[in-house]
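Work through the exercises below with the sequence and the coordinates at hand. Each task is followed by its solution in steps.

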Amino acid sequence: MKPVAKSSSASNPLDADMHLRLEGIITPMAAMPGALLPILHAVQDAFGHVPPACVPLIANALNLSRAEVHGVISFYHDFRSTPPGRHVLKLCRAEACQARGARELEAQLVSRLGIGFHETTADGSITLEPVYCLGNCACAPTAMLDGTVHGRLSTERMASLLDSCGVKK
Amino acid sequence: MRSKFDPDLGTPAIQSLDTLKLVQLSINGIAVRVPAGTSVMRAAALNDIQVPRLCATDTLDAFGSCRLCLVEIEGMKGYPASCTTPVAEGMKVTTQSTRLAELRRGVMELYVSDHPLDCDTCPANGHCELQDMAEVIGVGDTRYHHEGANHFREDANPAFAAPDVSNPYFAFDPSLCIVCSRCVRACDEVQGTHALTIQGRGFDSKVAASQDQSFLDSECVSCGACVQACPTAALMEKSVIAQGQPERNEITTCAYCGVGCSFRAEMQGEDVVRMVPHIDGKANHGHACVKGRFAIGYATHAERITKPMIRASIHEPWTVVSWDEAIAHTAREFRRIQAEHGRDSIGGITSSRCTNEETWLVQKLVRAAFGNNNVDTCARVCHSPTGYGLKATLGESAGTQNFDSVRKTDVMFVIGANPTDAHPVFGSAMKRRLREGARLIVADPRSIDLVRTPHVQADYLLQLKPGSNVALLNAMAHAIVEEGLHDAAFIALRCEDASFQRWLTFIREPRNSPEASEADTGVPAASVRAAARLYATGGNAAIYYGLGVTEHAQGSTAVMAIANLAMLTGNIGRPGVGVNPMRGQNNVQGSCDMGSFPHELPGYRHVSDNAVRAEFEKDWGVGLLAEPGLRIPNMFEAALDGEFKALYIQGEDLAQSDPNTQHVTAALSAMECIVVQDLFLNETAKFAHVFLPGSTFLEKDGTFTNAERRISRVRKVMQPKAGYADWEITQLIAQAMGYPMHYTHPSEIMEEIARLTPTFAGVSYARIDELGSIQWPCNDAAPEGTPIMHVDEFVRGKGRFMLTEYLPTTERVNARFPLILTTGRILSQYNVGAQTRRTPNSLWHSEDVLEIHPHDAEQRGIAEGDWVGIASRAGDTVLRARISSRMQAGVVYTTFHFPFSGANVITTENSDWATNCPEYKVTAVEVTRVSQPSEWQQRYRAFSDAQQQLLRERRMSPTPAAP
């Protein structure tokens, strides 16, 4: 029940192109059982994030409320509501990696990037996220850059990963 | 905050057949027997053993998140949560031990470490469940200090979120929230809006509305279920924050819609602090809507008139007079007019907003003191066809079920009703059952909310053309008969064979087939057949209908067609089925029962019935007329003919609510003495000569009868602001006119009602107090009332199938008026709006708008928000346009809550053939872009302003006296 004469759009509206692409994602998946998570993954894969303006359309397609969809998106750290940097680096902070030197890597990242976890560098080159186990403990410490897992990371190897992302030295 | 006067058993009662099977277990060594399926927590609570809890409450399903209700159960590993563990035979439960105490203390320390400790200044102080638990569990010094991350220190913590005070009635303070999810679950389970969620996880968890918006900007419908469910002050009524907690309470009944919710009015002295729906209320089970719970500010609004006033002409200022003078003047005028123009030149109007007792007195005043039968009621313009149609077919002028029957319904057929807006609490009950898997057929010109709302999806939306209900209902019956889906055994046993055979021949005629009627209804035959099949074969099928059925030229025919369908498929006489009229106002059923019609004495017995009349004559000590009196429209005609001169109107606003406003106001202007008894200077009062200040439902004792025939008490919680309750005013008029009425309390009126009305024979205030509420018929055969009617046989014996020939309305579209206007209500406003417009509810709906289909709008060059003129044969008005694909092309829609909208300037005098119920739902119109209000609106504004001025200029009488 919205009040009169007051707009309540949660974010910028979708442009026509995004709207079409979104429908292309939702329509074939809407009928499958438990469609919400697969749809959210597909949207994030397509747009790099789940724009809040997508939520009403997803909710409507699945006959859920906006609140329910918002609750799911905000519950999972992997889903993001704002665009990430050009690259996403996820550093594992779980026990095995910490035991094998992940804290040093964390300090290295914070100092070189000048940002903390869940943040993006000012030039938009990279977004830093924590992750709790990538299943690569035997090769700890581990990080994931744009979906690719890198094991046995040293500060030198991490530095070259950052270089490859165009991060200033 | 739940009412502290309602004990909480922690988890809901089990609703299943197994409830008859009792399970024995022992709790703390005490042998306990409870229905199978009951939770250990509830079993303990039922035996006065309280298990600590925070996330559990008996209005919501168990959730198991707070981990305070852990118990030990012999043979079970660990410490199961008592809220989610069902009882089992022979179970041995321990609710208190050293280990349990340690575990609970550990949890409580965590809760308390993230909660401000300024309980003294908290609005929930003394009635906060967190505080209670801290007390019970004993948290002295917490090991976790307040210095670390928390949600309540604005200065130190990024997780702090400021209170959301956007809703006019309640505030949300996240710093006080313990994330028990009770509010989220209440919104999901009880209200069914799903507007809330827990956003984030772990320490970030926060209650959020929609996509982390303010409550006001979200889908929240402000029902307040979350506020009631909150165990702390996180969600709290602003009135409690401002006024403090109530000290006493009184159980009463809501004065808004026909659901008739039971409430606790929680009071401080003479002030209502808040209204809390009563957990044991049988119509609402502890739920309410934005109107009943919050919109009561009108009762103390500055515009209320609390002194009687008179004037010789409506162009003069009012004179404030004493009650004695006002009553004497009224009686004198009525008698003078009767002497000059005849006995039949005066009449009275009863109100569906007043109590049964008050309605009874008004019709008694008319019949016994006026000496005629010129009494009618606002039900004339809403559900009179229900009375007529159901009486003719089933034998009683009322719905067949109780509301709880919906819990056993498998197929709902909703036609011409919009429950989530107009009957929100029952709408929520419907949604709950639909989420459990019941199927849904909706027949409506407009796609109502129920058609598609989170977790609810109608199987069929039959978007018919306004005015074609009968054609659609006939087509469904035709399809059922043709496919042999009718219940032949039920019909043979329960219905009149001759009427059925005659009807069968009629309905089988090809013109009644879905294919033939497609042209009239606009609904594809295949959908009609599929919906008919579902209704006939889907299990327990119930029909819910509202004014979209009755307010038509064939309103009575459609009601009979509905009854035919129910009888045809055997869907009557047991839980889960039936014919359910959704009554518009709180006491429509009651005002009809109380003999408010010019042709019927109380209990729907014709005035020409000598035996019945004799009973009344004996009891009332006066002769009664055997000829019916005038209906409202006849009164207007007679007034314009100069034969009808005076009207006593109790709590009704004819000038706004009756069709063809200009005709109504002309008739009112032609009368010599109009007496309006109301809270405010309503539209009718602007034409009145005497104003008698009425009382709100909070200021008097009485009873209301809701849509399920449930008689509930209205209890006085404060003194009448004007000195008298409405029944007392009617009594004073009767006395002044020389007819004795000497009731000292409404209970005495109820005794008279019970004495003279067979269906009320067993009703008394004492009995209502004992049972909570009673559904009539209540008599020797049914001493506790009758939740479901027509169980073994119909009230009239055998059910009668009535022929329901479809005749299109004469109100047809043509080149000049190519669109059909239909009308309805919105959630936040109520009928003529006299009450809700004087509350913050107007924040959600501050003016009536015209909904128009995008195609129709485009053709006329109309954009969203444009001023549009709506013209019909009767008149024209101007509203703002809202482009809406809820509409079908060719149909426009508006609500009628604001007098300036003039919705009834457009509606015509066409009416139901049997009852004169106006055809509000079908008016041929044309819509055009305009730049200014209509001529009528400009005249209205000038007249209304002048009347307000005359009110402001009111003079004191030379001899004022206190009542």
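The exercises cover confidence, helix packing, domains and the chain contact.

This is a predicted model, in which local features need pLDDT of at least 70, side-chain atom pairs count only at pLDDT 80 or more, and totals for chains, interfaces and linings use all residues. Residues are numbered from 1 along each chain as its sequence is written, while chains are lettered from A and ligands numbered from 1 in the order in which they are written.

**Exercise 1.** State the confidence of chain B and of the complex.

Step 1. For the complex, the predictor gives an ipTM of 0.91 and a pTM of 0.93.

**Exercise 2.** Classify the packing of helix 9 and helix 25 of chain B.

Step 1. Helices (H or I, at least four residues) and strands (E, at least two) are DSSP runs, numbered from the N terminus. Axes are lines fitted to C-alpha atoms, for helices over the stretch in contact, and angles run from 0 to 180 degrees between N-to-C directions.
Step 2. The axes of helix 9 (residues 356-370) and helix 25 (residues 726-736) of chain B come within 9 Å and cross at roughly 10°.
Step 3. Angles under 35 degrees count as roughly parallel, over 145 as roughly antiparallel, 65 to 115 as roughly perpendicular and the rest as oblique. Helix 9 and helix 25 of chain B are therefore roughly parallel to each other.
Step 4. Residues in contact (C-beta atoms, placed from the backbone, within 7 Å) include B:Leu361 and B:Leu365 in helix 9 of chain B, and B:Trp727 and B:Ile733 in helix 25 of chain B.

**Exercise 3.** How far apart are the centres of domain 3 and domain 4 of chain B?

Step 1. By an automatic or database domain assignment, domain 3 of chain B is 309-383 + 588-744 and domain 4 is 398-418 + 426-567.
Step 2. Over C-alpha atoms, their centres are separated by 37 Å.
Step 3. Domain 3 of chain B gives six residues to the contact and domain 4 of chain B gives eight.

**Exercise 4.** Describe the contact of chain B with chain A.

Step 1. Chain B supplies 30 residues and chain A 18.
Step 2. Strand 6 of chain B gives the most to the side of chain B that touches chain A, with four residues.

Conventions
Two residues are in contact if their C-beta atoms, placed from the backbone, lie within 7 Å. pLDDT is the predictor's confidence in each residue, from 0 to 100.
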